Amino acid sequence: VLLKKKKLKDLEHPKQLKNVIKTMEELVLANSGFDSFDEIFKLIYAKLYDEAEAKSNPSVYELEFRKHPSKDANKTKENIARLFSEAKKRWRGVFEKSDEIKLKSEHLSVCVGELEKYCLLGANLQVIDEAFEYLIPAVAKSKKGQYFTPRILIDMCVKILKPTKKEYLIDTACGSGGFLIHTMEFVQKQNNFTQAQMSNYAKNYLFGMDFDEKSSKIARAMMLIAGDGKSHIYKANSLDGSDEEWRNISKEFEDFELIKEMDDYDENERNLKENLYFNFDILMANPPFAGEVKEKKILGKYDFGKKNGKNLAKISRHLLFIERNLNFVKSGGRIAIVLPQGVFNNTSEKYIREYIAHKARILAVVGIEGNAFKPHTGTKTSILFLQKWHDE
């Protein structure tokens, strides 16, 4: 059995993956002293590379992500380390060049044994999603106000906005990429796309960004598993279009003609430099609720950074996301954004509601049941659906 050469067809799609990852943590990672998330993700990318190679040549390629037939743990580690090194080259920007698998050979061998029988490419995305969400510690999520959007709410947003195969879509706080992945599935069903057509659609029309490094890694992995060979997933602060991470983003946006061309020359030059206005057709997002923005450089770019003609010292992050998201879509563009209920009924935020109504047609406000985001948070939320007014 150990000597049998394995092909991609010998693997099975996991019916659940969360318990597998739990087992890996309990057996090995808890005792290794290393970050569980980082080490598991290195293994997942090594596995995805192995499967991608097998997929391109299924009749010949023999899978290498497995325990070494000799039962030699050091040889297993050599193979997996090489696969990880190739994965870093293929999907640049996910890991640092200096990153390497830190697990000891024996620990690594146990983890490989848990994962080797499964095929991740093309697997049920909800199964993968549940496992990845488990990997991000609840404490880290609650501190940043980041909560994975319940998939039933994502489905509702996608069905209401009905993205088409020729519309550019972005999620400015993409987390694990839920809105992007459900959009892929929706468009695939609407158009009876093959896997190749879906991959082509995803790498041309779907974009996402998230400031959290772990979340952006999850989103990239999810997009790879869903069949997108090249993901436009960026680790960047959506609210600050002039920081260093935005250099590569703006180049890609220009290639797709997604940066808005302004009528005034000076305004256009400023827009190219600071990435303020874009041409996306659809935006869906669940921005972080917690935290405030205090950086003067960022606040100075927003109307919400001022009140009654005075510069504010700080403002809630989710309020800036409202203005930013309106600037991401072109005239007539459609938006779905998850917001805390206070935005819709607090007297002090009336000016926010007036601003929204001035900029966009309010299609709907859908109140979300109070338990929807539990156990992560009990914050009452609503989803706001908008269509940006045309310039005329």
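Leaving aside neighbours within four places in sequence, Ala336 is in contact with Cys157, Leu161, Leu283, Met284, Ala285, Ile383, Leu384 and Phe385. The model in which these contacts occur is predicted. Ala336 belongs to strand S9, and its relative accessible area of 1% makes Ala336 a buried residue, because buried means under 20%. The C-alpha atoms of Ala336 and Phe41 are 30 Å apart in space, and the two residues are 295 residues apart in sequence.

Strand S9, which comprises residues 329-340, also contains Arg334. Is Arg334 buried or exposed? With a relative accessibility of 17%, Arg334 counts as buried, since the cut-off for this class is under 20%. The side chain of Arg334 has a polar atom 2.8 Å from the backbone oxygen of Leu161. When residues up to four places away in sequence are not counted, Arg334 touches Leu161, Lys162, Pro163, Glu167, Asp281, Ile282, Leu283, Val329, Leu386 and Gln387.

The largest pocket of the model was examined next. Its volume is about 830 Å³. The lining of the largest pocket consists of 29 residues, and those that lie nearest the centre are Trp91, Arg92, Gly93, Val94 and Arg220. Two or more lining residues are given by each of helix H3 (73-90), helix H10 (213-226), strand S3 (232-235) and helix H11 (246-255). Helix H10 provides the largest share of the lining, with five residues. Sorted by class, the lining of the largest pocket contains 15 charged residues, seven polar residues and seven nonpolar residues.

Helix H10 also holds Ile218. The relative accessible area of Ile218 is 0%, and this residue is therefore buried. Ile218 and Ile136 are separated by 82 residues in sequence, while their C-alpha atoms are 9.6 Å apart in space.

Helix H9 (residues 195-205) has as its buried residues Met198, Ser199, Tyr201, Ala202 and Tyr205. Why are these residues on the same side of H9? They cover an arc of only 165° around the axis, and this places them on the same side of the helix. In general, an α-helix has 3.6 residues a turn, so residues three or four places apart point the same way. The buried residues of H9 pack against strand S1 (169-171), helix H8 (178-191), strand S2 (206-210), H10 and S3. Two of these partners, H10 and S3, are also among the elements that give two or more residues to the lining of the largest pocket.

Asn192 has a phi of about 50° and is placed in the loop between H8 and H9. The relative accessible area of Asn192 is 66%, and Asn192 is therefore exposed, as the cut-off for this class is over 50%. Glu257 has a positive phi of about 55°, although Glu257 is not a glycine. Glu257 is found in the loop between H11 and helix H12 (265-274), and with a relative accessible area of 65% this residue is exposed.

Two lysines were also considered. Lys307 is placed in strand S6, which spans residues 306-307. The relative accessible area of Lys307 is 35%, so Lys307 is partly exposed, a class that lies between the cut-offs of 20% and 50%. Not counting residues up to four places away in sequence, Lys307 touches Leu312, Ser348 and Tyr351. Lys307 and Tyr351 are 44 residues apart in sequence, and the C-alpha to C-alpha distance between them is 9.3 Å. Lys9, in turn, is placed in the segment before helix H1 (18-32). Lys9 has a relative accessible area of 71% and is exposed. A distance of 9.5 Å separates the C-alpha atoms of Lys9 and Ala54, which are 45 residues apart along the chain.

Methods:
Residues are numbered from 1 along each chain as its sequence is written. This is a predicted model: local features need pLDDT of at least 70, side-chain atom pairs count only at pLDDT 80 or more; totals for chains, interfaces and linings use all residues. Side-chain values use heavy atoms; hydrogens and water are left out. On a 1 Å grid over the protein atoms alone, a cavity is a set of points where a 1.4 Å probe fits but cannot get out, and a pocket is an open set with protein on both sides within 12 Å along at least five of seven lines; lining residues have an atom within 4 Å of a point. Grid points are joined across faces, edges and corners, and a volume is the space filled by probe spheres set on the points. Helices (H or I, at least four residues) and strands (E, at least two) are DSSP runs, numbered from the N terminus. Ala, Val, Leu, Ile, Met, Phe, Trp, Tyr, Cys and Pro count as nonpolar, Asp, Glu, Lys and Arg as charged, and the others, Gly among them, as polar. Buried means under 20% relative accessible area, exposed over 50%, partly exposed in between (1.4 Å probe, protein chains only). A polar contact is a pair of N or O atoms within 3.5 Å; within protein, one must be able to donate a hydrogen and the other to accept it, and residues adjacent in sequence count only if both atoms are side-chain atoms. Contact means heavy atoms within 4.5 Å. The arc is that of the directions from the helix axis to the C-beta atoms.
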